[in-house]
Amino acid sequence: MSRSKDRGPDFIRQFEGAQTLDGLLELAGSPCDTAEVLERMRQARAEGDAASDVIPTLFAEEPRFKDPELARRLYQNLLGLWDAVLEGKAVRLDDGPRPPRPKKERLQPPAPFHPGEPSAEFVEAAWRYLEDDDKARTRLMHAYENRQDGLLGALDAAGLTDEGYGVARHLLFELHAMLELGWPPGLTAAQAAALDGDPDAPPAPDTLQAYVTEALFEAEHDEEHPLAPEELAQVRTLVRRGLAALWRARKGR
């Protein structure tokens, strides 16, 4: 793997606090402190001006630093403060204790659909739960990789491109996770041979098949890495067979 050349520290627009910016402004010879800079930026925002309009007004002449690192930090802080103003964020100008952050509401998993079939509402709720709860997604990903290693091995041998394999693997993970969430008895290992086709496999619920259709439509129209029609057809076949195998792998059905 090639490595890019070292181009020095990255420029990160970040306001580090009034005390830091006050010191940098003083070193740059600005007569302003952070409070005045903040007021000017808010006025500039209200008038539709840009950062390039307001920042030069903070200095009587072009600021000069003996150390380029100090100049970089000054403009990182100024632009970080400007970004906060544009986004309407509250800006603290004192170093006192911060108010306690409100506790993040614990996400609740969707109610199981066992012993029936998943509704469209369950599929939507399960998808949002997987999107929003990092811990739950990680736990379910581990269960997927450990229990369905045979299915994943067969998918790996299907000859897909990296993009096609990534779409199929992730989609089968989401389907596996939804079944784990909605079917408390859990799943056994799906039959890897099912990816070659199993005419005796019971059809999966329409709601899960509709989810596959929508996800593959998005993959087909992805702006950066759209799946080619030939591979899309192969991925669709593999995922639908994998879904049928996962549906058949429910315990106690």
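**Figure 1. Leu93 in the loop between α4 and α5.** Leu93 sits in the loop that runs between α4 and α5 of this predicted model. The residue counts as partly exposed, because its relative accessibility is 37%. Leaving out residues up to four places away in sequence, Leu93 touches Ala18, Thr34, Ala35 and Leu38.

Figure 2. The peptide bond that joins His114 to Pro115 is cis. The omega angle of this bond is near 10°.

**Figure 3. Helix α4 and what lies around it.** Helix α4 has 19 residues. From the first C-alpha to the last, α4 reaches 27 Å, close to the 27 Å expected at 1.5 Å a residue. Which residues of α4 are buried? They are Arg72, Leu74, Gln76, Asn77, Leu78, Leu79, Gly80, Leu81, Trp82, Ala84 and Val85. These buried residues pack against α1 (18–27), α2 (34–46) and α3 (51–54). Just after α4 comes Gly88, with a positive phi of about 75°.

**Figure 4. Asn77, a residue of helix α4.** Asn77 has its place in helix α4. Is Asn77 buried or exposed? Asn77 counts as buried, because its relative accessibility is 0%. Its side chain reaches the backbone oxygen of Arg73 at 2.8 Å. Not counting residues up to four places away in sequence, Asn77 touches Gln14, Phe15, Glu16, Gly17, Thr20, Leu21 and Leu24. Between Asn77 and Leu21 there are 56 residues of separation in sequence, while their C-alpha atoms are 6.5 Å apart in space.

**Figure 5. The largest nonpolar core.** In soluble globular proteins, nonpolar side chains tend to be buried together. The largest nonpolar core of this model has 44 residues. Which of its members touch the most other members? They are Leu155, Leu175, Leu208, Val239 and Leu246. At least two residues of this core come from each of α5, α6 (134–147), α7 (149–156), α8 (162–182), α9 (206–220) and α10 (229–248). Helix α8 gives the largest share, 10 residues.

Figure 6. Val239 is one of the residues that touch the most other members of the largest nonpolar core. Leaving aside neighbours within four places in sequence, Val239 is in contact with Ala168, Leu171, Leu172, Leu175 and Val212.

**Figure 7. The protein chain as a whole.** How many helices and strands does the protein chain have? There are 10 helices and 0 strands. Read along the sequence, the pattern is α-α-α-α-α-α-α-α-α-α. The radius of gyration is 27 Å, well over the 18 Å that the globule rule gives for 253 residues, so the protein chain is more spread out than a compact globule. Along its principal axes, the C-alpha trace spans about 80 × 45 × 35 Å. Of the 253 residues, 36% count as buried. Among contacts with a separation of 6 or more, 77% are between residues 24 or more positions apart.

**Figure 8. Confidence along the protein chain.** The mean pLDDT of the protein chain is 88, and 92% of the residues reach 70 or more. Confidence is lowest in α1, at a mean of 89, and highest in α8, at 96. Over residues 1–8 the pLDDT is below 50. Beyond near neighbours in sequence, this stretch has 0 contacts in the model. Where pLDDT is low, the predicted coordinates should not be read in detail.

Terms used: Residues numbered from 1 in each chain as written. Heavy atoms only, no water. Helix = DSSP H or I, 4+ residues; strand = E, 2+ residues; numbered from the N terminus. Expected span 1.5 Å × (residues − 1). Buried < 20%, exposed > 50% of the residue type's maximum accessible area, 1.4 Å probe, protein only. Contact = heavy atoms within 4.5 Å. Core = buried A, V, L, I, M, F, W, Y, C linked by side-chain atoms within 4.5 Å. Polar contact = N/O pair within 3.5 Å; in protein donor to acceptor, adjacent residues only side chain to side chain. pLDDT = per-residue confidence, 0-100. Rg over C-alpha atoms; globule rule 2.2 N^0.38 Å.
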